[in-house]
Each structure stands twice: as C-alpha cells, then as structure tokens.
Amino acid sequence: MDLLKTIEEEIKKFQTIIIQRHVNPDGDAYGSQFGLKHLIENNFKDKKVYVVGDEFEWLSFLGKVDQIDDEVFSEALVIVTDCANVERISDQRFSKAKQIIKIDHHPNVTPYGYIMWVDVTFTSASEMVGYLAVQLNWNIPQEAARVIFCGTVTDSGRFLYRGTTARTFEVASVLLKTGFDLFALYKKLNTRKLSDLEFSNLIFNTFKLTKKGLAYVIISLEDLKKHNLTAEMMNKYANTLAGFEEIKVWITFSQFENKSYRVEFRSAETVINKIAAKYGGGGHDLAAGAIVPDLETINAIIKDIDELL
C-alpha cells in the first residue's frame, strides 16, 4: 500500500502526465495505458494527461493516442505500463521526462524509473491499474472500467490462464459495478470475420509439429498481405494452436515489412520466457514474444525449444 500511495503522491506533484507502454501493443498495453489516463483525469481534474505510442487500428475501440511535441516531456511525469525493458517502450522520448514510474507484471528484465511497481503475480498491467484505483479509493468512471476490464480479460485468456486469482475477480467485480456495457465489449472481442477463419485455416494447414510436441508456423509477408493483416496484428492469432493434447508449445513467426519476424511463444506448461529473452524478447513463463532478424534465427529458436521439451 505504501508504494501505491507513493505513486499517487508523484501524480499529485505533476501538472503533465504522459502514459506509455510497449511497442506492438495488445489489449493489456492499451487497457492499462488508457485506463490509467481516464482514472487520473477523473480523480485529478487539473492534470493534463496524454497517451503516446504507436497506434493500431484494431485496438482503436479502446482509445486514440495523442500527438505531442518533444518539449511536453521536459516537465512531465511519464508512467510506463506493461513494458519490462526500455528498448520496447513505444516512443523513446520517455527519457526526456522529469520523472518516470514503471508499472508492470512481467519479470523485471530491465529496472528503470524512479519508482518501480513490478509484480508478476498479477494477470496483467490492467489488473494492476484497477487494483491501484481500488486500493486508493479512486473514483472509477465507466470508460476507465471498460478498458481496464478489457486489458485484464484478454491478458488472462478470459480468466483461464495461470495467475488468475481471487484478487483478479475482486478487481473485475469493482469494474463491473460501474455499469459499463459488458455485452458490447464481449461482442467486440468475440465477433470475427470470415477472413479470420480463412487465416486460421492457413495456420492449421501449414503448421509443423515436432516429435516432442513443438508446433510452429512461419507466416510470410505475402500471406499476411493476402489476408489484409500485418505482423503487428498477430497477437490475436497467437493461441490458434492452443488446447491440443499433442501440442506442448506453439510458436507463430510472422514477417514484418522489413523482413524481420515477430515471434509469439505460447506454452501449456513448459517455461519458455528464458528462450524468448535469449533472442532479445521477454514475457511470462508461458507466454512471451520477441523480434528476430531472419530464418536462420527462427531455426535456432525451433532447435532451442525442441531441446527444452
């Protein structure tokens, strides 16, 4: 509680607050970022609060990022959510800020910031932001509740992943009591297009499975373009191969425009984040990510994971 109060006191000190998160964002990155913005604006009405970082259309239902000049950072408090290492912070101008706070649920790969609240027992940074609001008795507006709930529910796999605790549901309960439209949110999350089915079929038809239970698929830039997708959008397909008895670990490699590859590691039980870290990435025990330069590195990853099983 003392750490949470310290964060609150820092927020009170600054007139300008900038909230950031990791590159290639997911629901938790956006949920924690925009959720914290709405909370601060509602509870500290004199503050100017900005959200910055790369913008992705498929997450736009959670909020639109702000465009700000460099000089805004100089007297600002920057709060970075859901990002373990400084290299992956979206918008590297964070270093120009007067003060930095880190709020994250990943292993503390790179300690940074004057204040660090890092706790791997939370399902998500969004759950942490919701917990912060509950513990500090902040008012929680519906829009904050909606995006924080979204970040929590997506990063916890609809409350199915390990790490989901009574605390997770307690925070979710408080968020639901604000009365945001849960049905509309779930409809947005669960409604798919036939093109999604076509792309899932591509994964099912082309993935490889090793004798030890590693499933992997390499998706070319050409295939992504055929389905009007980009590597930045692959997080939503990361669990396409989940839930099969024969598959212990599944990896999606998807190609960027610059020919490098986004890597999404997922696992049923085997800890895989150390392999992700070996290749410049990181994440949780059973869900991690990285960006690698070429097929040679992909083959090395496949070899390392297969030897792990």
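This note goes through a predicted model point by point, from its annotated spans to single residues.

1. Basis. Residue numbers start from 1 along each chain as its sequence is written, and side-chain values use heavy atoms, with hydrogens and water left out. As the model is predicted, local features need pLDDT of at least 70 and side-chain atom pairs count only at pLDDT 80 or more, while totals for chains, interfaces and linings use all residues.

2. Annotated spans. UniProt lists "domain: DDH" (unreviewed entry) for residues 17–152 and "domain: DHHA1" (unreviewed entry) for residues 219–308. UniProt positions follow the numbering used here, feature names are shortened, and annotations may be inferred rather than shown by experiment. Residues 17–152 are 29% helix and 17% strand, with end C-alpha atoms 23 Å apart. Residues 219–308 are 29% helix and 26% strand, and their end C-alpha atoms are 23 Å apart. Helices (H or I, at least four residues) and strands (E, at least two) are DSSP runs, numbered from the N terminus.

3. Helix H1. The twelve residues of H1 (residues 2–13) should span 16 Å at 1.5 Å a residue, and the end C-alpha atoms are 17 Å apart, which agrees; the expected span is 1.5 Å times one less than the number of residues. The buried residues of H1 are Leu 4, Ile 7, Glu 8, Glu 10 and Ile 11. They cover an arc of only 160 degrees around the axis, so they lie on the same side of H1; the arc is that of the directions from the helix axis to the C-beta atoms. Asp 2 and Lys 13, on the other side of H1, are exposed. Buried means under 20% relative accessible area, exposed over 50%, and partly exposed in between (1.4 Å probe, protein chains only). Among the elements covering the buried residues of H1 are strand E1 (16–20), H2 and helix H3 (125–135).

4. Aromatic pairs. The whole structure holds ten aromatic pairs. Tyr 30 and Phe 34 form a tilted one, at 5.3 Å centre to centre and 50 degrees between the planes. Rings of Phe, Tyr and Trp (its six-membered ring) pair if their centres lie within 6.5 Å; planes under 30 degrees apart count as stacked, over 60 as edge-to-face and the rest as tilted. Tyr 30 and Phe 34 are four residues apart in helix H2 (residues 27–43), which means a separation of about one helical turn. Both are buried.

5. Phe 149 and Phe 159. This aromatic pair is edge-to-face, with 6.0 Å centre to centre and 70 degrees between the planes. The pair links distant parts of the chain, ten residues apart: Phe 149 is in helix H4 (residues 142–155) and Phe 159 in the loop between H4 and helix H5 (166–176). Together with Phe 169, Phe 180 and Tyr 186, Phe 149 and Phe 159 form one aromatic cluster.

6. Positive phi. Most residues other than glycine have a negative phi. Phe 159 has a positive phi near 70 degrees and is buried, with a relative accessible area of 18%. Asn 137, in the loop between H3 and H4, has a positive phi of about 60 degrees; at 69% relative accessibility Asn 137 counts as exposed.

7. His 227. This residue lies in the loop between helix H8 (221–226) and strand E8 (249–255). His 227 counts as buried because its relative accessibility is 18%. Contacts of His 227 (heavy atoms within 4.5 Å) are Ser 195, Glu 198, Phe 199 and Leu 202, not counting residues up to four places away in sequence.
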